[in-house]
Amino acid sequence: MDAPAATARRDGRALLIRAFGGAVAMFLVQPPAGLWMLAWVAPVPWLLVVRDGFGAARRPWAPLWLAGFVHWLLAVHWQRLPPPATAIGWVALSAYLGLFLPLFVFAARRLVGRHGFALEAAAALAWAGCEQLRGTILGGFTLGSLGHTQWRWTTLLQSADWGGAPAVG
């Protein structure tokens, strides 16, 4: 086995683990698990992708979209419960919402790499931008935002006075 192919497989596995690690963690911060305190560290696997890049992974955007797709399948699973035909909409909505994870990584990497932002600032701007886009495009879908997980922390929620749920997120 040649070294570049082995490196590509290793980097691809690392990307997949980080992408799905973040997807599972972000699912756990939302109901029904509701581990709201985990929201402060749940995006860390995705931040590692922003910081470290993709290495030699082939087609790096596909695992990111797949992780986002699976995350949203889990997060909005209740949409499949009424009539069986709604499962089509559940899958279509999850596929669409899955696009926002690669968009977040792309935007944050661009802010860090090309514009010299610190990782934390770039991630915050990219995250807020993606949540705003998600809440606007195609009529908007704001359910499952990071700011919604912090409803128990009333002191932090006061920042919503200035910028709504995106400011909390």
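This is a predicted model: local features need pLDDT of at least 70, side-chain atom pairs count only at pLDDT 80 or more; totals for chains, interfaces and linings use all residues.
Reader: How many aromatic pairs does a search of the whole structure find, and what is the geometry of Trp61 and Phe106?
Author: The search covers the whole structure and finds six aromatic pairs. Trp61 and Phe106 form an aromatic pair, 6.3 Å centre to centre. Their planes lie at 65°, and over 60 degrees counts as edge-to-face. So the count is six, and the geometry is edge-to-face.

Reader: Which helices does the pair of Trp61 and Phe106 link?
Author: The two residues are 45 apart and link distant parts of the chain. Trp61 lies in residues 61–75 and Phe106 in residues 100–113. The helices are α3 and α5.

Reader: Is Phe106 buried, partly exposed or exposed?
Author: Phe106 has 39% relative accessibility. Buried needs under 20% and exposed over 50%. Phe106 is therefore partly exposed.

Reader: What span should α5 have, and how far apart are its end C-alpha atoms?
Author: Helix α5 has 14 residues. At 1.5 Å a residue, α5 should span 20 Å. The end C-alpha atoms agree with that, at 19 Å apart.

Reader: Which helices do the buried residues of α5 pack against?
Author: The buried residues of α5 include Phe100, Phe104 and Leu111. The buried residues of α5 pack against α2, α3, α4 and α6.

Technical notes:
Residues are numbered from 1 along each chain as its sequence is written. Side-chain values use heavy atoms; hydrogens and water are left out. Rings of Phe, Tyr and Trp (its six-membered ring) pair if their centres lie within 6.5 Å; planes under 30 degrees apart count as stacked, over 60 as edge-to-face and the rest as tilted. Helices (H or I, at least four residues) and strands (E, at least two) are DSSP runs, numbered from the N terminus. Buried means under 20% relative accessible area, exposed over 50%, partly exposed in between (1.4 Å probe, protein chains only). The expected span of a helix is 1.5 Å times one less than its number of residues. Contact means heavy atoms within 4.5 Å.
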